Amino acid sequence: MIQLWPAVSPTTPNSGSVVTAMTIRAKFPLGTFLGHRDVGKRALFPDTARLFSALVHAASKGITAVESAGDLRMSAASAASLRWLEEHPPTALVQPDLRFVSARPASAWRAEGVFEKRGSAIQSRKVLKHQSDAVAVRGSFAWIWDDVPAEVRSVCADLVGDVSC
């Protein structure tokens with residue numbers, strides 16, 4: 001479940017004005033996160049690029065998308081807000097308490113889709129592939145931005161409803 005938490009931080013130093021912040025939280029309902037960073041290596045957290053990709057997909061194919069020539073397309077407001085997010089990385093990340101599900105990485109023999117002739121027999125080539133393993137998670141991952149324009153917060157509030165974990 002992805003949630004937007006529009007927060008208000010106290011005040012900007014020396015300005016006295018209220019600054020709005022935005023927090024996007026990701027909670028995995030089954031309590032595990034399964035992701036990879038390199039071939040066979042587990043990721044400990046969903047990186048910002050993964051969140052951004054999910055928001056782009058939600059903007060393009062979710063409830064906020066606009067119909068064009070029989071297909072759904074990202075709205076101008078979504079495109080502008082996603083552009084802002086792309087140009088402004090989060091100011092903070094929150095990683096919950098986590099544990100490895102397995103102490104050693106999992107491996108499996110996988111067919112490559114290549115067939116070889118050995119004598120009179122034709123066999124599918126199989127190779128040993130290392131797989132990333134899940135991490136058990138207690139709590140939510142969070143991406144936090146300070147000083148977010150109201151339009152960006154509003155669009156993100158709509159987009160996160162179309163993203164699932």
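## Exercises on a predicted model

In this predicted model, pLDDT (the predictor's confidence in each residue, from 0 to 100) stays under 50 over residues 14-19, which have 11 contacts (heavy atoms within 4.5 Å) beyond four places in sequence. Residues are numbered from 1 along each chain as its sequence is written. Local features need pLDDT of at least 70, side-chain atom pairs count only at 80 or more, and totals for chains, interfaces and linings use all residues, while side-chain values use heavy atoms, without hydrogens and water.

**Exercise 1.** Find where confidence is lowest and where it is highest.

*Solution.* Start with the whole protein: the average pLDDT is 84, and 85% of the residues score at least 70. Next, go element by element: strand S1 (residues 2-9) is lowest, at a mean of 58, and helix H2 is highest, at 97. Finally, look at residues 7-12: pLDDT stays under 50 there too, with 12 contacts beyond four places in sequence.

**Exercise 2.** Work out how helices H2 and H3 are arranged.

*Solution.* First, take the axes, which are lines fitted to C-alpha atoms over the stretch in contact, with angles from 0 to 180 degrees between N-to-C directions. Those of H2 (residues 76-87) and H3 (residues 150-159) come within 9 Å and cross at roughly 105°. The two helices are therefore roughly perpendicular (65 to 115 degrees). Now list the contact: Ala77, Ser78, Ser81, Leu82, Trp84 and Leu85 of H2 meet Glu151, Val152, Val155, Cys156 and Leu159 of H3.

**Exercise 3.** Name the buried residues of H1.

*Solution.* Helix H1 covers residues 48-61. Apply the cut-off for buried, under 20% relative accessible area (1.4 Å probe, protein chains only). That gives Leu51, Leu55, Ala58, Ala59 and Ser60.

Technical notes:
Helices (H or I, at least four residues) and strands (E, at least two) are DSSP runs, numbered from the N terminus. The expected span of a helix is 1.5 Å times one less than its number of residues. Buried means under 20% relative accessible area, exposed over 50%, partly exposed in between (1.4 Å probe, protein chains only). Angles under 35 degrees count as roughly parallel, over 145 as roughly antiparallel, 65 to 115 as roughly perpendicular and the rest as oblique.
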